[in-house]
Amino acid sequence: MTTELYLLAGTLVLAIVQIMLASILRTHETGGAYNTGPRDDEGPPVGKLTGRMQRAQKNLYETLPLFMGAVLIVAIAGRESTLSLYGAWIYFLARIVYVPLYAVGVPVLRTLIWLISLIGMLMVLAAALLPL
């Protein structure tokens, strides 16, 4: 298995961690009975940290299918290169850094880190599309 595929798997683990983090925080706000019940009403308002973690999770979900597609194209086409390797690392590490920055509410740096993750994803896609 290529490093790019391992980094994709690591990103999926990150997605699971983000699901669990947002879920644990929300359960802390609503209580276990609400969380295991039918949730017919909206429950108490979402707290600041919980909301941030839910938005960070949603943000990952917006780019994860694109990253996944780029990595799979590179792997299936046998187009692994230094560009795809660095791009996958950049995406993965930036996505990890993004979570705590969002949690503590860092505005501008968080957006720059998101942009860096986008550049990493574009590097992987470029490796798939550019001539060898």
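Which pattern does the protein chain follow when read along the sequence? The answer is α-α-α-α-α, with five helices and zero strands. Helices (H or I, at least four residues) and strands (E, at least two) are DSSP runs, numbered from the N terminus. Please keep in mind that this is a predicted model, in which local features need pLDDT of at least 70 and side-chain atom pairs count only at pLDDT 80 or more, while totals for chains, interfaces and linings use all residues. Residues are numbered from 1 along each chain as its sequence is written, and side-chain values use heavy atoms, with hydrogens and water left out.

**The whole chain**

- Along the principal axes, the C-alpha atoms of the protein chain fill a box of roughly 55 × 30 × 20 Å.
- The protein chain has 132 residues, of which 36% count as buried; buried means under 20% relative accessible area, exposed over 50%, and partly exposed in between (1.4 Å probe, protein chains only).
- Among contacts (heavy atoms within 4.5 Å) in the protein chain with a separation of 6 or more, 77% come from residues 24 or more positions apart.

- Helix 1 covers residues 3-30, and its 28 residues should span 40 Å at 1.5 Å a residue, which agrees with the 40 Å between its end C-alpha atoms. The expected span is 1.5 Å times one less than the number of residues in the helix.
- Buried residues of helix 1 include Glu4, Leu7, Gln18, Arg26 and Thr30.
- Helix 2 (32-36), helix 3 (48-77) and helix 4 (82-104) are among the elements that cover the buried residues of helix 1.
- The axes of helix 1 and helix 3 cross at roughly 165° and come within 9 Å; axes are lines fitted to C-alpha atoms, for helices over the stretch in contact, and angles run from 0 to 180 degrees between N-to-C directions.
- Helix 1 and helix 3 are therefore roughly antiparallel to each other. Angles under 35 degrees count as roughly parallel, over 145 as roughly antiparallel, 65 to 115 as roughly perpendicular and the rest as oblique.
- In the contact of helix 1 with helix 3 there are 20 nonpolar, five polar and three charged residues. Here Ala, Val, Leu, Ile, Met, Phe, Trp, Tyr, Cys and Pro count as nonpolar, Asp, Glu, Lys and Arg as charged, and the others, Gly among them, as polar.

**Helix 4 and helix 5**

- Helix 4 and helix 5 (residues 107-129) pack at an angle of about 160°, their axes 7 Å apart, and are therefore roughly antiparallel to each other.
- The contact of helix 4 with helix 5 has 19 nonpolar, four polar and two charged residues.
- Helix 5 has 23 residues and reaches 33 Å from its first C-alpha to its last, close to the 33 Å expected.
- The buried residues of helix 5, including Ile113, Gly120 and Met123, pack against helix 3 and helix 4.
- Ile90 lies in helix 4 and counts as partly exposed because its relative accessibility is 30%.
- Not counting residues up to four places away in sequence, Ile90 touches Ile116, Gly120 and Met123.
- From C-alpha to C-alpha, Ile90 and Ile116 are 7.1 Å apart in space, and they are 26 residues apart in sequence.

**Backbone spots to look at**

- Most residues other than glycine have a negative phi.
- Arg39 is a residue other than glycine with a positive phi, near 55°.
- Arg39 sits in the loop between helix 2 and helix 3 and, at 47% relative accessibility, counts as partly exposed.
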